[in-house]
Amino acid sequence: MSAASEKVAVVVVTYNRADLLERMLEGLAGLDRPADAVVVVDNASSDHTREVLERSTLPGLVAIHTTDNLGGAGGFRLGLQTAYERGYEVMWLMDDDVVPAPDCLTRLLEVDGSCLIAVREDRSGALVEKAALRFDLRNPLAIRPKTASIDSTYATRAQMPATVEVENVAFEGFLVRRAVIDRIGLPDASYFIFYDDVDFAIRARRAGFTIRAVRDAVLVRQLDFDQQHDLAGWKGYYMYRNLFAVHFRYGENALVRLKPWLVTLAVVVLSPLRGGRAEARNVSRALRDARGMRTPPAR
């Protein structure tokens, strides 16, 4: 089957960002190669998201309103499962805070590959693509496994080659063909938020699929990246827990799999100087709970 004839479903997860969602849907409506379906998972939003979806005239729109917030991980799993079960060959994942360039899907479908990502720019045109060129789960001395990203390697999108092989993805512009899901299954909903996309990318690569960023497929982020989360707050718990789970599941040697214990010890010891008791409680609970995530759930 040629790429031009493949049936494409966009999968969007949204939560309480109705105005951003509306602009994103307008961007999808402006694609020069429109999607055949748009599956929007509304994660129990309490704002006017339902009204935005009800008044949308976007062809092929499927709105799923959950009764509970499934998190990004659960939302993408549900959306992908819906598109997969309806027989779509290509699924293109999207957050509610990006707007695709009119030719974004066209440029992606021109590239041969089962796992592709669009490249993100901010509203000024600056390159802000965080996908990792190297995600190191072998070196126990690597404090952070992401040792190089697209935006740390290339000053502008124009400086990139036409495609760049990457080792992780964000579920924001990630295109996946059903052969990948046939092989590795769906995203793991237990992550709730953070690292579900990293987990999926690791599983895909270990199953033999290459992931490539496509320079000329552009997504424009409507919000600035905020990489500095409060590690003493609720998001900090998930960041620690899910990072630890990735190390436990996929660390390539015993020393890498030991890193969560060492990080926890360091955070607890240093808590009087930074983060305080709240972060120490977060990291301790995260370590305990990540140990229960050592084995990925059955497909």
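A residue is called buried under 20% relative accessible area, exposed over 50%, and partly exposed in between, with a 1.4 Å probe and protein chains only. By this rule Glu110 is exposed, at 51%. The structure is a predicted model, in which local features need pLDDT of at least 70 and side-chain atom pairs count only at pLDDT 80 or more, while totals for chains, interfaces and linings use all residues. Residues are numbered from 1 along each chain as its sequence is written, and side-chain values use heavy atoms, with hydrogens and water left out.

**Strand pairing around S11**

- Helices (H or I, at least four residues) and strands (E, at least two) are DSSP runs numbered from the N terminus, and two strands pair if DSSP finds at least two bridges between them.
- Strand S6 (residues 115-121) runs parallel to strand S11, to which seven bridges join it; S11 spans residues 211-221.
- Strand S5 (residues 98-100) is antiparallel to S11, with three bridges between them.
- Val220 in S11 is the bridge partner of Val99 and also of Glu121.
- Strand S9 (residues 163-166) pairs with S11 in the antiparallel sense through four bridges, and Glu165 stands opposite Arg212 of S11.

**Salt bridges**

- A salt bridge is a side-chain nitrogen of Lys or Arg within 4 Å of a carboxyl oxygen of Asp or Glu; the count by this rule is 25.
- Glu110 forms a salt bridge with Arg107, with an N to O distance of 2.5 Å; Arg107 is partly exposed at 22% relative accessibility.
- In the salt bridge between Glu129 and Arg120, the closest N and O atoms are 2.9 Å apart, and both residues are buried.
- Glu129 and Arg120 also belong to a network of salt bridges that links them with Arg17, Asp96, Asp97, Glu172 and Arg221.
- Asp199 and Arg249 meet through their side chains in a salt bridge of 2.9 Å, N to O.
- This pair links distant parts of the chain, 50 residues apart: Asp199 lies in helix H7 (residues 196-206) and Arg249 in helix H8 (residues 234-250).
- Asp199 is buried, with a relative accessible area of 1%, and Arg249 counts as buried at 12%.

**A polar contact of Glu6**

- Glu6 is located in the segment before strand S1 (8-14) and is buried, with a relative accessible area of 9%.
- The side chains of Glu6 and Arg177 are joined by a polar contact of 2.8 Å.
- A polar contact is a pair of N or O atoms within 3.5 Å; within protein, one must be able to donate a hydrogen and the other to accept it, and residues adjacent in sequence count only if both atoms are side-chain atoms.

**Cysteines**

- The structure holds zero disulfides, a disulfide being a pair of cysteine sulfur atoms within 2.5 Å.
- Cys104 is in no disulfide, and its nearest cysteine sulfur, that of Cys115, is 16 Å away.
- Cys104 is buried, with a relative accessible area of 0%, and Cys115 also counts as buried, at 1%.

**Nonpolar surface patch**

- Leu255, Leu258, Trp261 and Leu262 make a nonpolar surface patch of about 370 Å².
- Patches are made of residues with over 30% relative accessible area and no salt bridge, where like charges are joined within 9 Å and nonpolar side chains (Val, Leu, Ile, Met, Phe, Trp, Tyr) within 5 Å; accessible areas come from the Shrake-Rupley method with a 1.4 Å probe, and for residues only the protein chains shown count as cover.
- Trp261 lies in helix H9 (residues 254-270) and is partly exposed, with a relative accessible area of 36%.
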